[in-house]
There are 2 protein chains.
Amino acid sequence: MLKQITGGVCAAQGFRAAGLHVGVKTHNVNKKDVALIVSDTDCAAAAVFTKNVVKAAPIHVTKAHLADGRARAVIANSGNANACAPGGEENARRMCEAAAAVIGCRAEDVLVASTGVIGQPLNIKVIEDGAQELYNRLERSDAASDIAAHAIMTTDTVKKEAAVETTVGGKTVRMGGIAKGSGMIHPNMGTMLCFITTDCAISSAMIREALQETVRVSFNRISVDGDTSTNDTCCVLANGMAGNAEITEKNEDYDAFVAALRELCVQLARKMAKDGEGAIHLMTCTVQGARDEAQAETISKSVISSTLTKAAIFGCDANWGRVLCAMGYSGESFDPEKVDVRFASAAGTVLVCEQGRGLAFDEELAKKILTEDEIVIDVAMGEGNGACTCWGCDITYDYIKINGDYRT
Amino acid sequence: MLKQITGGVCAAQGFRAAGLHVGVKTHNVNKKDVALIVSDTDCAAAAVFTKNVVKAAPIHVTKAHLADGRARAVIANSGNANACAPGGEENARRMCEAAAAVIGCRAEDVLVASTGVIGQPLNIKVIEDGAQELYNRLERSDAASDIAAHAIMTTDTVKKEAAVETTVGGKTVRMGGIAKGSGMIHPNMGTMLCFITTDCAISSAMIREALQETVRVSFNRISVDGDTSTNDTCCVLANGMAGNAEITEKNEDYDAFVAALRELCVQLARKMAKDGEGAIHLMTCTVQGARDEAQAETISKSVISSTLTKAAIFGCDANWGRVLCAMGYSGESFDPEKVDVRFASAAGTVLVCEQGRGLAFDEELAKKILTEDEIVIDVAMGEGNGACTCWGCDITYDYIKINGDYRT
């Protein structure tokens with residue numbers, strides 16, 4: 001039913017994208033720093049934002065522009081977060097106005113996002129000067145989505161892009177997204193931006209519902225470094241060009257929409273965790289047998305966020321004691337003597353702890369398992385039927401290197 | 001009034017200490033792995049422990065032995081945490097019995113603690129075999145305390161030892177301690193052990209009160225890596241040999257005792273933070289002008305625990321945006337536009353953020369300030385009179401190195 005397709009943010013009908021270097025990033029003219037995504041027609045739209053008390057200026061502006069649940073376009077820059085910076089809100093509004101002028105729409109129908117260094121004034125002039133050229137490059141193609149995905153990258157080493165096709169109300173619906181996020185990533189949104197487009201016909205109220213439901217089980221279940229950023233934004237634009245009957249309530253069509261959105265968001269979230277700053281391993285923690293899903297989630301997040309567990313995974317060291325330790329300080333109460341821990345990857349599975357006690361396991365096999373790119377820490381708690389999966393990454397020398405001198 | 005003295009855990013009258021290599025640590029025979037502290041007479045005693053749900057076996061045994069508020073001795077090993085390990089409680093009890101046999105006291109009057117790798121069986125035999133030799137080496141001297149302090153070290157690079165002298169009820173009272181802790185350190189106790197001895201006469205109920213009050217503002221305000229360990233223990237033994245009238249209620253004498261204990265614990269806590277695994281800088285965060293102390297504490301802890309702030313301090317980078325960001329996700333609500341941030345050290349002070357907005361500050365001066373060993377991040381919130389100081393350290397390549405392959 002659900003099919004993987006290409007095209008990212010241009011996969012859905014009626015969406016074009018572009019990316020350009022305009023000069024926000026001053027140190028490298030080859031790095032694109034502004035992205036634009038435009039729908040041919042008016043869209044229903046909704047977004048979720050960071051829970052950080054310190055919010056970047058574009059978040060306030062985008063929130064205001066979404067008050068009517070409608071949007072036409074998204075403009076985003078990398079290289080500067082426009083957070084805690086002089087003139088922040090004015091600059092965010094000017095970004096929307098610059099985009100609106102070239103598109104020929106109202107500034108209120110443009111959403112805006114920024115990512116990069118906090119606390120430095122945004123060079124709005126270069127964005128305004130580049131807006132027309134950015135517009136001229138708009139295209140609906142795999143290449144255009146790829147360029148836009150690159151234009152929102154900061155310390156990301158790979159672009160994050162995905163798209164799916166499904167059927168809603170008998171019509172083929174496409175949905176695709178681009179995302180960025182590498183450092184300052186933590187459950188409850190990291191420094192992440194994610195822009196999703198779809199040709200599904202759906203009301204903005206239903207998008208909001210679907211987005212909240214989906215973000216909870218995707219982006220809110222990843223962690224790179226425990227730092228929740230000031231700029232996180234995930235928005236969905238739906239232009240209705242697929243021709244399905246508009247989704248306005250929680251019915252079968254809504255479920256199909258949520259299933260597609262969930263698949264898309266989980267794919268993008270995994271890509272973010274895997275590309276965590278300096279990361280070598282994607283670290284997945286599956287918790288089963290918890291009292292309920294909430295307990296499983298708290299414990300799984302505690303494991304993927306544990307600096308010591310992350311360091312052990314970097315060292316390919318089957319140090320399961322740190323897993324149990326992180327479970328123990330999660331804030332959840334449970335019986336440690338019912339806990340089993342396994343490490344798994346493409347190379348196999350090894351049970352290292354049974355009923356809370358260490359086993360004499362095959363260290364050579366464990367090493368082989370942990371040398372793979374994608375590692376699963378599989379925890380069975382023996383208390384109930386609650387389960388949850390969260391994603392993180394190891395902490396490495398490169399994480400320190402990247403973040404020891406990020407501003408310069 | 002309060003005087004710094006030498007002698008650590010042997011500073012108080014009637015306390016002897018020793019350390020020895022018995023073979024718990026198998027990889028290096030030069031590393032001592034068992035410490036013994038013995039009072040000549042029966043002591044009033046109390047302890048606080050980790051809040052981790054997964055607790056090491058010695059914690060259960062020490063708790064039981066402290067039920068009557070009395071103790072004679074402490075035995076502790078490094079190299080193995082005796083947590084999640086087969087036969088844990090039996091081995092912890094056998095450690096107490098081995099010490100009691102050579103001291104000539106009841107096993108119930110011996111407290112026990114362990115630190116090291118989680119999940120591997122403790123080699124209790126070598127500890128039992130070494131007990132007599134350990135006892136033979138007991139001494140009351142600066143050197144003996146130094147050896148005991150070394151015997152509880154794991155990844156610590158320096159011993160942690162301090163002692164103070166004060167006056168209680170007209171009598172000279174001495175108090176000293178040894179501690180260990182370097183990784184798995186987080187507010188609410190890290191992987192830390194701390195043994196404090198005093199010749200003050202004080203009831204175990206009053207020690208318990210004083211210890212809780214003091215730990216809250218010392219060990220619970222440091223963080224190295226956000227991981228709270230399974231083994232944390234801080235205990236105080238008071239043998240009354242100073243001859244003061246026993247403290248049994250909260251009076252002037254109690255206040256003098258708490259002042260001394262607080263000074264001692266803050267000194268030891270700072271030493272732990274400064275010797276955080278791989279750390280180069282001691283990072284102190286002072287928050288002033290908060291609504292109340294609780295808000296100041298939450299915010300200060302969030303800053304010293306922020307991986308990105310720690311990485312910036314490692315890079316001597318005045319990246320104050322990360323400080324504001326960490327304040328923002330602390331869970332406290334406040335007005336970011338009232339916040340000032342300064343970086344300070346022996347080399348000077350620089351205001352980098354005023355009223356929530358970045359300033360064009362002297363980058364050269366900032367670099368010079370941040371190159372010092374001890375850095376202060378000074379936050380003024382402009383909301384009230386609440387203040388709090390917490391201590392942490394930077395995160396470095398060596399932290400990753402130390403923890404990437406700790407078990408081998």
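Is Lys250(A) buried or exposed? In this predicted model, Lys250(A) has a relative accessible area of 53% and is therefore exposed, the cut-off for that class being over 50%. The side chain of Lys250(A) forms a salt bridge with that of Glu209(A), with an N to O distance of 2.9 Å. The two residues come from distant parts of the chain, 41 residues apart: Glu209(A) belongs to helix H5 (residues 204-216) of chain A, and Lys250(A) to the loop between strand S10 (233-238) and helix H6 (252-274) of chain A. Glu209(A), at a relative accessible area of 33%, is partly exposed.

Over all chains, the structure holds 50 salt bridges. One of them pairs the side chains of Asp146(A) and Lys159(A) at 2.7 Å, N to O. Asp146(A) is partly exposed at 23% relative accessibility, and Lys159(A) is partly exposed at 28%. In chain B, a salt bridge of 3.1 Å (N to O) is found between the side chains of Asp42(B) and Arg70(B). Asp42(B) is located in strand S3 (residues 34-49) and Arg70(B) in strand S4 (residues 70-80) of chain B, so this pair ties together parts 28 residues apart in sequence. Both partners are partly exposed, Asp42(B) at 36% relative accessibility and Arg70(B) with a relative accessible area of 31%. Salt bridges with shared partners also connect Arg216(A), Arg221(A), Glu293(A), Glu297(A) and Lys301(A) in one network.

Contacts between the chains involve 54 residues of chain B and 54 residues of chain A. The area buried between chain B and chain A is about 4,300 Å², of which 60% is on carbon and sulfur atoms. Zero salt bridges are found across this interface, and three residue pairs, both residues at pLDDT 80 or more, are in polar contact. On the side of chain B that touches chain A, two or more residues each are given by helix H8 (307-314), helix H9 (320-328), strand S14 (357-358), helix H10 (363-371) and helix H11 (397-404) of chain B. That side of chain B is made up of 24 nonpolar, 18 polar and twelve charged residues.

Of these elements, H9(B) is largely enclosed by the rest of the structure, because nine of its nine residues are buried. The buried residues of H9(B) include Trp320(B), Arg322(B) and Met327(B). In chain A, Asn319(A) occupies the loop between helix H8 (307-314) and helix H9 (320-328). Asn319(A) is buried, with a relative accessible area of 5%. Its C-alpha atom is 9.3 Å from that of Leu308(A), eleven residues away along the chain.

Chain B contains an open sheet of seven strands with mixed pairing, in the order S9-S16-S11-S15-S12-S13-S14. Strand S9 (222-223) and S14 of chain B form the edges, each pairing on one side only. Within chain B, strand S12 (residues 340-345) and strand S15 (residues 374-380) run antiparallel and are joined by five bridges. Val341(B) has Val379(B) as its bridge partner in S15(B).

In chain A, strand S12 (residues 340-345) is mostly covered, with five of its six residues buried. S12(A) runs antiparallel to strand S15 (residues 374-380) of chain A, with five bridges between them, and Asp340(A) stands opposite Ala380(A). Five bridges also connect S12(A) to the antiparallel strand S13 (residues 348-354) of chain A, where Ser345(A) is partnered by Gly348(A). A hairpin of two residues links S12(A) to S13(A).

Key:
Residues are numbered from 1 along each chain as its sequence is written. Chains are lettered from A and ligands numbered from 1 in the order in which they are written. This is a predicted model: local features need pLDDT of at least 70, side-chain atom pairs count only at pLDDT 80 or more; totals for chains, interfaces and linings use all residues. Side-chain values use heavy atoms; hydrogens and water are left out. Buried means under 20% relative accessible area, exposed over 50%, partly exposed in between (1.4 Å probe, protein chains only). Helices (H or I, at least four residues) and strands (E, at least two) are DSSP runs, numbered from the N terminus. Two strands pair if DSSP finds at least two bridges between them. Contact means heavy atoms within 4.5 Å. Buried area is the accessible area (1.4 Å probe) that two parts lose on being put together, summed over both. A salt bridge is a side-chain nitrogen of Lys or Arg within 4 Å of a carboxyl oxygen of Asp or Glu. A polar contact is a pair of N or O atoms within 3.5 Å; within protein, one must be able to donate a hydrogen and the other to accept it, and residues adjacent in sequence count only if both atoms are side-chain atoms. Ala, Val, Leu, Ile, Met, Phe, Trp, Tyr, Cys and Pro count as nonpolar, Asp, Glu, Lys and Arg as charged, and the others, Gly among them, as polar.
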